[in-house]
Amino acid sequence: MPAAPVIPADASGAKDGSTVARPATARVGSTRVARSGRREHARGGPKPSFIQRYRTAIVTLAALVGVALVATFVLSSAAAPATACTNTGVPSPTASPAANATPALGYVQSDMSLRHINVGEKVTYTYCPPASGPHLNRAGAGPIQPRVYGPNDTVGPQGWIHNLEHGGMVLLYRGDGEGATEAGQTALRAFYDSFPPGPVCGTPRGAAGPVIARFDQMSTPFEALVWGRVLPLESFDEAMILAFWQQWGERTSPEAQCAPPSAAPSAAPSAATSAAPSAAPSPSAAPSAAPSPSPS
């Protein structure tokens, strides 16, 4: 193939007479071919959008955020307390008892049901500390073993409310009070060891109570409970707690552990019933005496 002819540069267009070199081209057939060393730039298509360029990173980030939200929800649900209270019991002052009358210790708390719940079920009690309400009914979970539970032991109303139902007493102390101290724990253990049997059924210590445990959602440092009745205490008053037990122990629980004593109730009705019929004929004698003179 013969060499392409060299075409001289076009000298036109310069005002000062100098020549301006222009790239020479060779014509092969009818096609104009650029000289060697010159590159043709290919025209690109439309540029991809931001989402198209970073799609993988965006999807990965969204997945990580979703996992983090789910983990946060699970952890917060697990950390939430199993027990919540609408109201913390603060009893109003009661009227002074009559002279020589025995004061009724504690105050009555409205009944919050006997419903049984499942393990792990969260409960909101209307009043705290609850002296009734939903509770567990499973061996080891409710009723729980009567003993002194330390400040770090995990026990709650769902378990010891069942002890109240069986006629036991529960004594609670707050974690920020003297009951949670080393000296307080020693005193509570000694109190447990000398706790008397039930005043009605004679139930021995350890059968249904007492349960002595920490509970922070209450207005006083100590509170003693039987079913439906609460005794708030500013200090650990053993004599007051035992008097409360003698007054109300095994008398308010819905699940009686024995038949109620029959001596006192049986004597009262027999006297009343025997007196009423015997007294009834005596008024009838008066009317019978009045009509008899009139016919004669």
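This is a predicted model: local features need pLDDT of at least 70, side-chain atom pairs count only at pLDDT 80 or more; totals for chains, interfaces and linings use all residues.
The average pLDDT of the chain is 76, and 62% of the residues score at least 70. Helix H6 is assigned to residues 263-279.

The largest nonpolar core holds 23 residues. Within this core, the residues that touch the most other members are Trp160, Val170, Leu172, Val211 and Leu225. Four elements each supply at least two residues of the core: strand S6 (123-128), helix H3 (157-165), strand S8 (170-173) and strand S9 (211-214). In soluble globular proteins, nonpolar side chains tend to be buried together.

When residues up to four places away in sequence are not counted, Leu225 touches Pro129, Pro130, Ala131, Trp160, Leu164, Gly168, Met169, Val170, Leu172, Val230 and Phe244. Trp160, Val170 and Leu172, which are among these contacts, also belong to the group of core residues that touch the most other members. Pro129, another contact of Leu225, is placed in the loop between S6 and strand S7 (135-136). The peptide bond that leads from Cys128 to Pro129 is cis, with omega near 0°.

A cis peptide bond is also found from Gly209 to Pro210, again with omega near 0°. Pro210 belongs to the loop between helix H4 (182-193) and S9.

Three salt bridges are present in the structure. Glu121 pairs with Arg115, and the closest N and O atoms of this salt bridge are 3.3 Å apart. Glu121 is partly exposed, with a relative accessible area of 27%, and Arg115 is also partly exposed, at 42%. In a further salt bridge, Arg174 pairs with Asp176, with 2.9 Å between the closest N and O atoms. The two partners fall into separate accessibility classes: Arg174 counts as buried because its relative accessibility of 19% is under the 20% limit, whereas Asp176 counts as exposed because its 63% is over 50%. The remaining salt bridge joins the side chains of Asp216 and Arg214, with an N to O distance of 2.9 Å. Asp216 has a relative accessibility of 40% and counts as partly exposed. Arg214 counts as partly exposed as well, with 29%.

On the surface, Phe50, Ile51, Tyr54 and Ile58 form a nonpolar patch, and together these residues have about 420 Å² of accessible area. Ile51 is part of helix H1, which spans residues 50-53. With a relative accessibility of 56%, Ile51 counts as exposed.

Helix H5 covers residues 238-248 and contains Glu238. Glu238 is partly exposed, its relative accessible area being 37%. Along the chain, Glu238 and Ala187 are 51 residues apart, and their C-alpha atoms are separated by 9.6 Å. Helix H4 spans residues 182-193.

Positive phi values in residues other than glycine are described for two positions. Phi of Ser113 is near 90°. Ser113 lies in the loop between strand S4 (107-108) and strand S5 (116-117), and counts as partly exposed at 27% relative accessibility. For Glu250, phi is near 65°. Glu250 occurs in the loop between H5 and helix H6 (263-279). Glu250 counts as buried because its relative accessibility of 13% is under 20%.

Definitions and conventions. Residues are numbered from 1 along each chain as its sequence is written. Side-chain values use heavy atoms; hydrogens and water are left out. A nonpolar core is a set of buried Ala, Val, Leu, Ile, Met, Phe, Trp, Tyr and Cys residues joined through side-chain atoms within 4.5 Å. Buried means under 20% relative accessible area, exposed over 50%, partly exposed in between (1.4 Å probe, protein chains only). Contact means heavy atoms within 4.5 Å. A salt bridge is a side-chain nitrogen of Lys or Arg within 4 Å of a carboxyl oxygen of Asp or Glu. pLDDT is the predictor's confidence in each residue, from 0 to 100. Patches are made of residues with over 30% relative accessible area and no salt bridge: like charges are joined within 9 Å, nonpolar side chains (Val, Leu, Ile, Met, Phe, Trp, Tyr) within 5 Å. Accessible areas come from the Shrake-Rupley method with a 1.4 Å probe; for residues, only the protein chains shown count as cover.
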